[in-house]
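Good morning, and thank you for coming. I would like to take you through one structure, beginning with a single chain and then turning to the place where two chains meet.

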Amino acid sequence: MTKENCDDAKLMVQIRKGDQSAMRELVERYKIKAYHLALGMVGNKDEAFDISQEAFIRVHKSAGKFNADQRFFPWFYSIISNLCKDCLKRRAKWESKQIDIDDNDFLLVTETNPEKIILKKEAARNLRKAIMLLDLSSREIIMLKHFRDLSYDEIADMLKIPKGTVMSRLYYARRKLAEILGEYE
Amino acid sequence: MRDGNWQKFWVNMSEEKYRILLSGYIDNELSPDEKQDFEVHLEGCAECRKELESFRKLKEVTGAMKYADIPEQVWEGYWSSLYKRMERGVSWIFISIAAIILLCFGSYHIFIDFFLNSEVPLLLKIGIGCGIFGLIVLLVSILRERLFAKKRDRYDEVSR
Ligand SMILES: [Zn+2]
């Protein structure tokens with residue numbers, strides 16, 4: 001069987017046995033996802049890249065602890081999420097001031113019309129600032145819904161919370177975000 | 001609570017319930033019953049209509065944006081840079097083991113040569129011994145503080 005057809009859990013079993021090509025396949029499968037998830041949480045490209053790699057290193061190290069009946073992605077997500085939390089904690093400790101998020105263009109405008117682009121850029125800057133002002137769990141759920149377009153079931157699965165909690169958490173997060181954005185107008 | 005307050009409380013509770021449904025409504029995640037229930041409420045609730053509008057706007061703003069990506073060649077080199085990091089991790093483990101062995105070996109010999117040497121005056125032995133003991137206590141105390149701080153960190157949420 002080729003590696004491309006293997007499901008994640010099977011790959012994990014092979015990684016546990018020390019199969020380097022299985023590890024590589026897993027990395028190819030999830031590298032962009034991992035990077036985006038981290039980027040949404042820490043808002044900085046370099047740190048997000050670093051976190052994505054560190055997450056794979058942890059996967060490699062703790063492959064022995066992975067249970068084959070478990071689904072890979074929620075497990076992997078919890079590793080990424082913990083790394084992001086550690087990163088933000090370190091940042092809060094070392095920097096008394098807020099970091100300048102304007103320098104870290106972690107969200108870009110998709111607009112190509114040059115007349116509209118200036119307006120959209122302004123909106124993007126405000127949105128970036130507002131998102132980084134949210135508390136972590138609000139930011140997390142906003143990024144998962146608005147920028148990854150996951151369903152409530154998928155989010156519930158990743159965050160290990162009931163579907164109803166996804167709905168309410170998303171509601172309060174959106175309300176906060178709309179409030180912050182309202183202040184910029 | 002007085003009767004009026006109870007009534008207000010229940011109204012607030014049900015209004016809160018509809019507000020939360022509002023999120024599900026905009027994402028198309030409600031069951032047909034919930035959807036109908038919410039739409040009936042929406043007809044008569046200006047506050048919910050206003051909030052729905054603000055959420056729609058939010059969705060529009062975020063919909064016009066995407067994650068900043070990194071250049072293709074960085075993705076192509078992703079595995080090799082990761083592989084190097086993993087390799088380096090292994091080498092650090094070996095270096096640490098080597099360092100610990102050498103340190104133990106070295107301190108054992110210093111101990112033998114210095115403290116069991118009858119030519120060194122006793123007072124000097126006591127002085128240096130106290131100094132080393134003090135350093136060890138300090139080290140343990142710092143280590144314990146760091147470990148404790150780490151454990152506690154894990155429980156409080158970052159809210160910024
Ligand atoms: Zn209402």
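Helices, of at least four residues, and strands, of at least two, are DSSP runs numbered from the N terminus. With that in mind, please note that what you see is a predicted model. Reading chain A from its N terminus, the order of elements is α-α-α-α-β-α-α-α-α. That makes eight helices and one strand in chain A.

Let us consider the overall form of chain A. Its C-alpha trace spans about 55 × 40 × 35 Å along the principal axes. Chain A has 185 residues, and 51% of them count as buried. If we take the contacts in chain A between residues at least 6 apart in sequence, 61% of them join residues at least 24 apart.

I turn now to the interface. How many residues of chain B are in contact with chain A? There are 41 of them, and they touch 62 residues of chain A. The size of an interface is often given as the accessible area lost when the parts come together. Here the area buried between chain B and chain A is about 4800 Å², and carbon and sulfur atoms give 62% of that area. The interface also holds 17 residue pairs in polar contact, with both residues at pLDDT 80 or more. On the side of chain B that touches chain A, at least two residues each come from helix H1 (3-26), helix H3 (46-63), strand S1 (65-67), helix H4 (72-76) and helix H5 (78-115) of chain B. Of these, H3(B) gives the most, with nine residues. By kind, the residues on this side of chain B are 20 nonpolar, six polar and 15 charged.

Strand S1 of chain A, residues 107-109, pairs with S1(B) in the antiparallel sense over three bridges. Within S1(B), B:Tyr67 is the bridge partner of A:Leu107.

Next, the charged pairs. Side chains of opposite charge can pair when their charged atoms come close. Over all chains the count is 20 salt bridges, and four salt bridges are found across the interface of chain B and chain A. One salt bridge joins A:Arg174 to B:Asp27, with the closest N and O atoms 2.9 Å apart. A:Arg174 also has a polar contact of 3.1 Å, side chain to side chain, with A:His146.

A:His146 itself lies in helix H6 of chain A, residues 136-147. Is A:His146 buried or exposed? A:His146 counts as buried because its relative accessibility is 12%, and the cut-off for buried is under 20%. Beyond its neighbours within four places in sequence, A:His146 is in contact with A:Arg174, B:Leu58, B:Lys59 and B:Thr62.

Finally, two pairs in helix H2 of chain A. A:Arg29 and A:Glu25 form a salt bridge of 3.2 Å, N to O. They are four residues apart in helix H2 (residues 20-42), so about one helical turn separates them. A:Arg29 is partly exposed at 29% relative accessibility, whereas A:Glu25 is buried at 15%. A:Glu28 and A:Lys31 also meet in a salt bridge, at 2.9 Å, and they lie three residues apart in helix H2, about one turn of the helix. Here A:Glu28 is partly exposed at 34%, while A:Lys31 is buried at 8%.

I close with a network of salt bridges that links A:Asp50, A:Glu54, A:Arg58 and B:Arg85. Thank you for your attention.

Note on methods: Residues numbered from 1 in each chain as written. Chains lettered and ligands numbered in written order. Predicted model: local features only at pLDDT ≥ 70, side-chain atom pairs only at ≥ 80, totals over all residues. Heavy atoms only, no water. Contact = heavy atoms within 4.5 Å. Buried area = accessible area lost by both parts, 1.4 Å probe. Salt bridge = Lys/Arg side-chain N within 4 Å of Asp/Glu carboxyl O. Polar contact = N/O pair within 3.5 Å; in protein donor to acceptor, adjacent residues only side chain to side chain. Nonpolar A, V, L, I, M, F, W, Y, C, P; charged D, E, K, R; others polar. Pairing = 2+ DSSP bridges. Buried < 20%, exposed > 50% of the residue type's maximum accessible area, 1.4 Å probe, protein only.
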